[in-house]
Amino acid sequence: MKKVLFSLMFFYAASVSADDTELFYFEAEWCGPCKRVAPVLQTHNKENPQMPVQFVDVDNSPEIAEQHKVRGIPVLHIYTAGKHCEVVGAPDLVNKPVQQLIKECLK
């Protein structure tokens with residue numbers, strides 16, 4: 001089951017911890033590539049409940065997408081060790097494990 005963030009206040013409350021890794025996946029219901037990525041990230045959530053991906057629907061939460069300069073979807077925003085990285089597009093999101101994407105962000 002996906003967890004969808006609807007309010008900007010909740011988004012910031014979920015992303016305030018600088019020591020943790022926070023993962024936010026921006027998508028839309030009408031987005032074909034997003035539908036390929038979502039099950040992969042849902043599997044990650046089941047296997048890694050301590051580091052879940054938060055799903056943000058850009059149509060339901062445009063203020064969050066605008067604040068984070070989301071220009072295309074699907075995109076995964078990774079906040080870890082004081083860094084912010086974006087992984088854009090379905091190929092990397094489908095073919096690379098989330099843990100690998102986080103390691104690449106730290107480089």
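Predicted model: local features only at pLDDT ≥ 70, side-chain atom pairs only at ≥ 80, totals over all residues.

Student: Okay. In what order do the strands of the sheet come?

Tutor: The order is S2-S1-S3-S4. These four strands form an open sheet with mixed pairing.

Student: Which ones are the edge strands?

Tutor: S2 and S4, the latter covering residues 83-88. Each pairs on one side only.

Student: And how are neighbouring strands turned against each other?

Tutor: By 20 degrees on average, ignoring direction.

Student: Let's stay with S2. Is it buried or exposed?

Tutor: Mostly covered. S2 spans residues 53-57, and five of its five residues are buried.

Student: Which way do they point?

Tutor: Val-53, Phe-55 and Asp-57 point one way. Gln-54 and Val-56 point the other way. Both groups are buried.

Student: How does S2 join S1?

Tutor: Through five bridges, with the two strands running parallel. S1 is residues 22-27. Tyr-25 has Phe-55 as its bridge partner in S2. Leu-23 stands opposite Val-53.

Student: What do S1 and S2 make together with H2?

Tutor: A right-handed β-α-β unit. H2 covers residues 32-47.

Student: What about H5, where does that lie?

Tutor: H5, residues 98-106, lies across S1, S3 and S4. It runs at about 60 degrees to S3.

Student: New topic. How many residues are in the largest nonpolar core?

Tutor: It has 29. Those with the most contacts inside it are Leu-23, Tyr-25, Phe-26, Leu-76 and Ile-78.

Student: Which elements give two or more residues to it?

Tutor: S1, H2, S2, H3, S3, S4, H4 and H5.

Student: Now charges. How many salt bridges does the count come to?

Tutor: Two. Asp-92 forms one with Lys-96, their closest N and O atoms being 3.8 Å apart. Lys-96 forms another with Glu-104, at 3.3 Å. That links Asp-92, Lys-96 and Glu-104 in a network.

Student: Why is Lys-96 called partly exposed rather than buried?

Tutor: Because its relative accessible area is 23%, and buried means under 20%.

Terms used:
Residues numbered from 1 in each chain as written. Heavy atoms only, no water. Buried < 20%, exposed > 50% of the residue type's maximum accessible area, 1.4 Å probe, protein only. Pairing = 2+ DSSP bridges. Right-handed = clockwise from strand over helix to strand, strands pointing away. Axes fitted to C-alpha atoms, helices over the stretch in contact; angles between N-to-C directions. Contact = heavy atoms within 4.5 Å. Core = buried A, V, L, I, M, F, W, Y, C linked by side-chain atoms within 4.5 Å. Salt bridge = Lys/Arg side-chain N within 4 Å of Asp/Glu carboxyl O.
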